[in-house]
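Subject: the structure I promised

Hi,

Here is the structure we talked about, ready for you to open. My notes on it follow below.

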Amino acid sequence: MKKTFSAVILTAILFTVSTQAKDVVHTKQVQFDKGSNGGTQTGKIQGYETYNYKLGAKSGQYMRVSLETKNASTYFNIFEPGKGPGGQAMFIGSSEGNAYTGNLPKDGTYTIQVYMMRNAARRNEVANYQLHVGID
């Protein structure tokens, strides 16, 4: 009985480690071309991979973000300064859609996270995307 229990525990630990190893997070600072107030980030994610785009902005500025992708399970979230993935998002793409516009509540660095829903990530799907970001 002890050997079987130990084998079950070891299997659970190995499964947890292998599942966590799938999570790949990329971070990129967003900078616009000189004289421009917006730009497009082109990327590709696969499975549990995510991209976190960082963008500095001031309170009251108007931000617009939209996502174009052929993978219907790919979305983005927006986190205000001091918050990030794993915390409360100010915009949740899976429930609010693939476009955000609004005035920003705080000065600081905002995070735009592009990710795939778990149903597609488990199947190791690939999503090519274009993330359009602008600040006025």
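Predicted model: local features only at pLDDT ≥ 70, side-chain atom pairs only at ≥ 80, totals over all residues.

**The open sheet**

E3 and E8 belong to an open sheet of 5 strands, ordered E1-E3-E8-E5-E6, with mixed pairing. Which strands stand at the edges? They are E1 (25–29) and E6 (91–92); each has a single partner strand, so one side of each has no neighbour in the sheet.

While you are in E3, have a look at Thr 50, which sits in that strand (residues 50–57). Is Thr 50 buried or exposed? Its relative accessible area is 10%, and buried means under 20%, so Thr 50 is buried. Leaving aside residues up to four places away in sequence, Thr 50 touches Val 24, Val 25, His 26, Ile 45, Gln 113, Val 114 and Tyr 115. Some of those contacts fall within the strands of this sheet: Val 25 and His 26 lie in the range of E1 (25–29), and Gln 113, Val 114 and Tyr 115 lie in the range of E8 (108–116).

**E4 and E7**

There is another antiparallel pair, E4 with E7, joined over 5 bridges. Here Val 65 stands opposite Tyr 100 in E7. In a regular strand, side chains alternate between the two faces of the sheet. Strand E7 (residues 99–103) can be read with that in mind: Tyr 100 and Gly 102 make up its covered face, while Ala 99, Thr 101 and Asn 103 make up the uncovered one.

Leu 67 is also in E4. With a relative accessible area of 7%, against a cut-off of 20%, Leu 67 is buried. What does Leu 67 touch, once residues up to four places away in sequence are set aside? The list is Thr 74, Tyr 75, Phe 76, Asn 98, Tyr 129, Gln 130 and Leu 131. Leu 67 and Thr 40 are 27 residues apart in sequence, with a C-alpha to C-alpha distance of 9.6 Å.

**The core**

Val 65 and Tyr 100 turn up again in the largest nonpolar core, which has 23 residues. Both are among the residues with the most contacts inside this core, along with Met 63, Phe 76, Ile 78, Ile 112 and Leu 131. Which elements give two or more residues to the core? They are E3, E4 (62–69), E5 (74–79), E8 (108–116) and E9 (126–135). E9 gives the most, with 5 residues.

**Salt bridges**

Side chains of opposite charge can pair when their charged atoms come close. How many salt bridges does a search of the whole structure find? There are 3.

- Asp 136 pairs with Arg 64, the closest N and O atoms being 3.2 Å apart. This pair links distant parts of the chain, from the segment after E9 to strand E4, 72 residues apart. Both ends are partly exposed, Asp 136 at 47% relative accessibility and Arg 64 at 31%.
- Glu 80 meets Lys 106 at 3.1 Å, N to O. Glu 80 is in the loop between E5 and E6 and Lys 106 in the loop between E7 and E8, 26 residues apart, which again links distant parts of the chain. Glu 80 is buried, with a relative accessible area of 14%, whereas Lys 106 is partly exposed at 36%.
- Arg 123 pairs with Glu 125, with 2.8 Å between the closest N and O atoms. Arg 123 counts as exposed at 52%, and Glu 125 as partly exposed at 24%.

**One backbone detail**

The phi of Asn 124 is near 60 degrees, a positive value in a residue other than glycine. Relative accessibility here is 43%, so Asn 124 counts as partly exposed.

Cheers

How values were computed
Residues numbered from 1 in each chain as written. Heavy atoms only, no water. Helix = DSSP H or I, 4+ residues; strand = E, 2+ residues; numbered from the N terminus. Buried < 20%, exposed > 50% of the residue type's maximum accessible area, 1.4 Å probe, protein only. Contact = heavy atoms within 4.5 Å. Core = buried A, V, L, I, M, F, W, Y, C linked by side-chain atoms within 4.5 Å. Pairing = 2+ DSSP bridges. Salt bridge = Lys/Arg side-chain N within 4 Å of Asp/Glu carboxyl O.
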